[in-house]
Amino acid sequence: MNPVLRQAVARAHQNLDTRTEHYLAQHGLKVSCRQGCFSCCCAWVVVGLAEAEYLREVLEAHQPEVLARVEAEGQKRLERIAQEKHKADFPTAYFLEANPCPLLTPEGACSVHPHRPLACRGVLTNLTARYCAPGVVPALRGKERAAYQGQLKPWHGPEHYLKRPWQYSERAAQRLWATEQQVRGFTVIAELASLIYLLGVEAFRKALEQGLPAMQRWLEDRGVLGGKWGFWAG
């Protein structure tokens with residue numbers, strides 16, 4: 001991995017954590033997220049190429065068994081992207097399937113927690129974790145629905161997640177993508193497991209070395225470029 005990009009990823013992670021901690025302290029908010037609480041880890045996680053490279057390096061060096069699991073899942077997700085990349089509600093439908101992230105341990109902990117992506121770092125809540133489980137909030141009715149809505153404050157959104165940390169993570173990701181465009185000349189933005197998997201595919205790496213047009217052609221030939229939820233390269 002390019003050492004400049006490696007440093008940029010690590011710095012982005014640290015800066016986001018520091019900014020989030022300051023925000024929580026300033027507003028007296030205590031998150032309820034804990035190890036073993038992993039409902040949000042069923043979400044469709046989108047990252048840039050640099051973060052995927054960063055995570056793959058960590059897995060190759062320290063957790064090859066987890067990398068094998070991620071690659072197997074990533075290959076499956078590539079097939080789904082090709083088939084469903086145009087569906088507007090795809091991430092929501094996928095979350096409701098409750099597919100666990102392949103980075104999770106059997107105990108429900110993130111195996112790469114210190115190195116987890118910006119998108120994961122921005123998902124926090126101070127309400128009970130049961131609301132995070134796929135399908136729970138949409139299924140609330142009557143008094144339960146009213147009790148849930150009564151707990152929502154201006155700092156929440158979407159739903160019961162803390163709004164500001166999520167916004168911080170989105171902006172941090174956009175800045176990181178811009179940095180990669182300057183250093184590499186382009187970036188690739190896609191689903192986490194599928195991108196980690198492709199970084200182990202020789203043909204993908206060759207296209208990466210050849211530049212943006214070659215990368216776009218390679219992804220297009222496999223049916224995963226474009227669409228609302230397909231790969232983006234630019």
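Guide: Start with one residue pair. In β2, the bridge partner of V46 is E191. Keep in mind that this is a predicted model.

Visitor: How many bridges pair β1 with β2, and in which sense?

Guide: Three bridges, in the antiparallel sense.

Visitor: How many bridges join β2 to β3?

Guide: Two bridges join them. Strand β2 covers residues 188-191, and β2 and β3 run antiparallel. Read the pairs one by one. I189 has W232 of β3 as its bridge partner. V188 stands opposite A233 in β3.

Visitor: How should I picture side chains along a strand?

Guide: In a regular strand, side chains alternate between the two faces of the sheet.

Visitor: Now helix pairs. At what angle do α2 and α3 pack?

Guide: Look at angle and axis distance together. α2 packs with α3 (residues 64-84) at about 130 degrees, and the axes are 6 Å apart. Angles over 145 degrees count as roughly antiparallel and 65 to 115 as roughly perpendicular. α2 and α3 are therefore oblique to each other.

Visitor: Which residues make that contact?

Guide: From α2 come R56, L59, E60 and H62. From α3 come P64, V66, L67, V70 and E71. By class, this contact of α2 with α3 has five nonpolar, one polar and three charged residues.

Visitor: And how do the axes of α2 and α8 cross?

Guide: They cross at roughly 90 degrees and come within 9 Å. That makes α2 roughly perpendicular to α8. L49, A50, E51 and E53 of α2 meet L176, E180 and R184 of α8. The contact of α2 with α8 divides into three nonpolar, no polar and four charged residues.

Visitor: Turn to single residues. Where is H156 found?

Guide: In the loop between α7 (142-151) and α8 (163-184).

Visitor: Is H156 buried or exposed?

Guide: Compare its accessibility with the cut-off: buried means under 20%. H156 is at 6% relative accessibility, so it counts as buried.

Visitor: What does the side chain of H156 contact?

Guide: It makes a polar contact with the side chain of N126, at 2.7 Å. The H156 side chain also reaches the backbone nitrogen of K153 at 2.9 Å. Leaving out residues up to four places away in sequence, H156 touches N126, L127, Q151, Y161, L162 and K163.

Visitor: Where is Y131 found?

Guide: Y131 lies in the loop between α5 (118-121) and α6 (136-139). Y131 also counts as buried, at 6% relative accessibility.

Visitor: Which residues does Y131 touch?

Guide: V136, V137, L140, Y148, Q151 and H160, not counting residues up to four places away in sequence. With Q151 there is a polar contact, side chain to side chain, at 3.0 Å.

Visitor: How far apart are Y131 and C40?

Guide: Check sequence and space separately. They are 91 residues apart in sequence, and 9.9 Å apart in space, C-alpha to C-alpha.

Notes:
Residues numbered from 1 in each chain as written. Predicted model: local features only at pLDDT ≥ 70, side-chain atom pairs only at ≥ 80, totals over all residues. Heavy atoms only, no water. Pairing = 2+ DSSP bridges. Helix = DSSP H or I, 4+ residues; strand = E, 2+ residues; numbered from the N terminus. Axes fitted to C-alpha atoms, helices over the stretch in contact; angles between N-to-C directions. Parallel < 35°, antiparallel > 145°, perpendicular 65-115°, else oblique. Contact = heavy atoms within 4.5 Å. Nonpolar A, V, L, I, M, F, W, Y, C, P; charged D, E, K, R; others polar. Buried < 20%, exposed > 50% of the residue type's maximum accessible area, 1.4 Å probe, protein only. Polar contact = N/O pair within 3.5 Å; in protein donor to acceptor, adjacent residues only side chain to side chain.
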